[in-house]
Amino acid sequence: MTDIWEPHAPTAAGGLRPLHAQGLDLRVSGAATAREIADGVLEVSAEGAGEVRIEWRVPCVDATALWTPEPRGTGWLPAAWSAPRRTGLTRGAPIAALVGTGDVALCAFAAGRPDVLAGAGVVEESGEFRFWAQATDRLTVRIDTSRRHYARSLAELAAWWGADRTADIPEAARRPAYSTWYSLHQDVSPKGVETQAALGKELGLDVIIVDDGWMTADRTRGYAHCGDWEPVSLPDTAAHVRRVHELGVRYLLWYALPFVGKDSAAYQRIGHYALADAAHMGAVVADPRYPEVRAFLTDRLARAVEEWGMDGLKVDFVDWFARDRDGAPAAGPEADCASVDEGVERLLAGIRRRITAANPDAMIEHRQPYVSPGLWPYVTMVRATDCPLSPQENRQRTIDVRLAAGPVPVHADMLMWHPAEPPEQVACHLINVLFSVPQISVDLTAQSDGQREAIAFWLGVFREHTATLQLGELLPARPDLGYPMVTARGADTVAVARYAALPVDASGDGWHTLLVANADADPDVRLTGGSGTAAMTVQDARGRIVRQGEVELDRAEPVPVPRGGLLTLRRS
């Protein structure tokens, strides 16, 4: 292998030696083995004192993008000398794929532990693409060069992490939700929450998530008032929660778990156990290595379910616990674990244990970038990170997270729009997150009739086709272009979302229902590869039927589908 310049990567102890397996040219440190798992899939393990490293290269031929599950992590080919990614329990996931023409996986890989340093990029000297992964003492990676659709390779790698370690997922975790963040921000009150919950239920929103503001009368943002978690803006909390439940709506409450605000009483009690001073946030980051810190935070969060009857927690900012290897202060004598990740895991396990003892169907939301499979036992849904009023970004982030989330439901970042947004664009916001769980965050009292009709219609599509949209095989096209078309295949239903003027594949005998959601300004949907006839219904963004009849699946003429509309084809 050609030596290359790596200004950001540490050198593996003891150097690297060659290891040949299944035609793949590897370099490893420590004692290493390789075994074939399936055709084109190799498992490589290395073990030794200190850092061990596994490195390999593939020809960079017909490559289009490097996929990773991180925000804005996909769509280009980095150089081999680019800074590596460090993943851990609370930051990122150790998985990536080099995608080629036709959406094939030229090379996909995942590591068997969450805490790795990993690099990937083009070797300028040779035109190859180099991957490497490094961890302490032992490391196992799976490498897939099978040239399947990259989403299938990633799904298999995520399954390797172990679906059996996942928390029980309540059905409500897959139901459309209302969030108060973009609509109310900190202006939270019982009346305001109950009003939005009631209107949301009419439209098909079965869950409400109350965000920041409930624990303080201060409305200037920041996190100086976090830590005490007293329901200052939600008095008589249990009665308020009961009124929401009477509407048939589940209730989750937001917590900025790591932050202990400098204006809180909690700061006087546990503020000296700090991983870092987040001065610009008005808070410190609590150190979970200390039993006193974990006990205090667990009691504060569990109270929402145990005392007030909440249905779960939105646990925010877990990624703030992430520390680079030398970034945490030395643990004091009162700490019971040296590793911050171990402290975080004990904290999250304690919270989940307490709230599920009170309510077995209690939910916990996490958020990108803390999407590690190491967190799967403690989470029932994970949300795309903030991208307000950015439909394309929301689409890319939800798809990225889904490709690495295994069995965990993926939620969209909250959907918001300007009051003057036409129903067609409201529908496009929803279509852009069609393969995730939508969260709505607009003032529902201020929506026009057309906006409300678009919300209700598309939420109905989400609810009716959950099995296909969320649990079917996900096949997103062209990650290098931000997924201009996405397909999900269920038992007898295929759903396609079209974000650009691309033809839709209607081939195959396995579908009874084919849904085509059109989020592009071009209304002409061209069907390819199909044969025979199907009953056709075209609905506009508000769900109104604009065309019905029969269609020849091999027809040359396009089917007109308005922007924000839905084409439904059914055959017997």
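In which helix is the place of Arg353? I looked this up and found Arg353 in helix α7, residues 340–358. Helices here are DSSP runs of H or I with at least four residues, strands are runs of E with at least two, and both are numbered from the N terminus.

**Entry 1: ground rules**

I noted that this is a predicted model, in which local features need pLDDT of at least 70 and side-chain atom pairs count only at pLDDT 80 or more, while totals for chains, interfaces and linings use all residues. Residues are numbered from 1 along each chain as its sequence is written, and side-chain values use heavy atoms, with hydrogens and water left out.

**Entry 2: Arg353**

The cut-offs are under 20% relative accessible area for buried, over 50% for exposed and partly exposed in between, with a 1.4 Å probe and protein chains only. I also looked at Tyr378, which is 25 residues from Arg353 in sequence and 8.9 Å from Arg353 in space, C-alpha to C-alpha.

**Entry 3: strand β10**

I went to strand β10, residues 128–144, and found it mostly covered, with twelve of its 17 residues buried. I then listed its partners; two strands pair if DSSP finds at least two bridges between them.

- Strand β4 (residues 41–59) runs antiparallel to β10 and is joined to it by 16 bridges; Ile54 has Ala133 of β10 as its bridge partner.
- Strand β8 (residues 104–111) pairs with β10 in the antiparallel sense over four bridges, and Ala111 stands opposite Val141.
- Strand β9 (residues 117–123) pairs with β10 in the antiparallel sense over seven bridges, and Val123 has Glu128 as its bridge partner in β10.

**Entry 4: strand β12**

Which residues of strand β12 lie on each of its faces? I found Val207 and Ile209 on one side and Ile208 and Val210 on the other, all buried, so both faces of β12 (residues 207–210) are covered. Strand β11 (residues 177–179) runs parallel to β12 and is joined to it by three bridges, with Ser179 opposite Ile209. Strand β13 (residues 250–256) also runs parallel to β12, through four bridges, and there Ile208 stands opposite Tyr251.

**Entry 5: nonpolar cores**

I looked up the largest nonpolar core, which has 125 residues. A nonpolar core is a set of buried Ala, Val, Leu, Ile, Met, Phe, Trp, Tyr and Cys residues joined through side-chain atoms within 4.5 Å. The members that touch the most others are Trp67, Trp214, Tyr251, Leu253, Leu257, Phe435 and Trp458. I followed Leu253: leaving out residues up to four places away in sequence, it touches Val210, Trp214 and Trp308, among others. Contact means heavy atoms within 4.5 Å. A second, separate core has 31 residues, including Ala21, Val58, Ala96 and Ala135.

**Entry 6: the seven-stranded sheet**

I traced an open sheet of seven strands with mixed pairing, in the order β22-β23-β24-β26-β32-β29-β30. Its edge strands, β22 (473–477) and β30 (545–552), each pair on one side only. Strands β26 (residues 513–518) and β32 (residues 565–570) run antiparallel and are joined by six bridges; Val516 stands opposite Leu567 in β32. Strand β29 (residues 533–539) runs antiparallel to β30, with seven bridges between them, and Met536 has Gly549 of β30 as its bridge partner. The hairpin of β29 and β30 has five residues between the strands, and Gly543 takes a positive phi near 90 degrees.

**Entry 7: helices α3 and α10**

I looked at how α3 (residues 190–203) meets α10 (residues 449–464). Their axes come within 8 Å and cross at roughly 60 degrees. Axes are lines fitted to C-alpha atoms, for helices over the stretch in contact, and angles run from 0 to 180 degrees between N-to-C directions. The two helices are therefore oblique to each other; under 35 degrees counts as roughly parallel, over 145 as roughly antiparallel, 65 to 115 as roughly perpendicular and the rest as oblique. Leu199, Glu202 and Leu203 of α3 make the contact with Arg452, Ile455, Ala456 and Leu459 of α10.
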